[in-house]
Amino acid sequence: MSLNEVRIQTEDFDLSTEVAQLRADYPKVGGVVTFVGTVRDLNEGATVSEMELEHYPGMTEQAISDIIDKARQRWPIFSALVIHRVGPLKPKDQIVLVAVTSAHRGEAFAASEFIIDYLKTEAPFWKKEQTPDGARWVDARVSDDQALNKWL
């Protein structure tokens with residue numbers, strides 16, 4: 001049995017609670033890999049006081065589900081959870097959780113990295129930062145595209 005879950009939400013999440021729920025019904029799990037992304041207070045040389053994330057409901061969840069399905073085609077994972085927050089966030093706030101379970105750590109690590117690399121480039125999110133010079137939209141990073149290219 002396998003589980004895919006995608007949640008887009010404004011509220012924060014608790015890592016230990018999410019991992020416990022992910023493992024609860026899976027005694028065959030030998031590895032759990034998690035990635036938690038947080039809001040930085042500095043980007044492109046400017047202080048960031050707030051980041052606001054927007055998304056396209058329905059489309060975003062489907063895009064992330066498709067990314068998880070692609071990971072499943074490559075690695076034998078039991079479950080995958082992606083939580084992505086939207087709305088206004090402050091520096092140090094948690095913004096994203098990717099959690100993957102599998103029988104072995106190697107598959108869990110690879111699938112988790114694959115999911116976050118695709119998420120950074122393929123999921124329809126729009127980010128706006130508040131800086132001392134005013135609001136600005138965040139462009140895609142070359143480094144994110146380069147990370148994605150290793151999977152192609």
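Guide: Let us begin with Arg85, which is buried at a relative accessible area of 8%; buried means under 20%, exposed over 50%, and partly exposed in between, with a 1.4 Å probe and protein chains only. This is a predicted model, in which local features need pLDDT of at least 70 and side-chain atom pairs pLDDT 80 or more, while totals for chains, interfaces and linings use all residues. Residues are numbered from 1 along each chain as its sequence is written, and side-chain values use heavy atoms, without hydrogens and water.

Visitor: Which residue forms a salt bridge with Arg85?

Guide: A salt bridge is a side-chain nitrogen of Lys or Arg within 4 Å of a carboxyl oxygen of Asp or Glu. Here the partner of Arg85 is Asp12, with the closest N and O atoms 3.5 Å apart. Asp12 lies in the loop between β1 and α1 (15–23) and Arg85 in strand β6, so the pair ties together parts 73 residues apart in sequence. Helices (H or I, at least four residues) and strands (E, at least two) are DSSP runs, numbered from the N terminus. Asp12 is partly exposed, at 47% relative accessibility.

Visitor: How many salt bridges are there by this rule?

Guide: The count comes to seven. Among them is that of Lys150 with Glu113, whose closest N and O atoms are 2.6 Å apart. Lys150 is in the segment after α4 (142–149) and Glu113 in helix α3, 37 residues apart.

Visitor: Which residues of α2 are buried?

Guide: They are Thr60, Ala63, Ile64, Ile67, Ile68 and Ala71.
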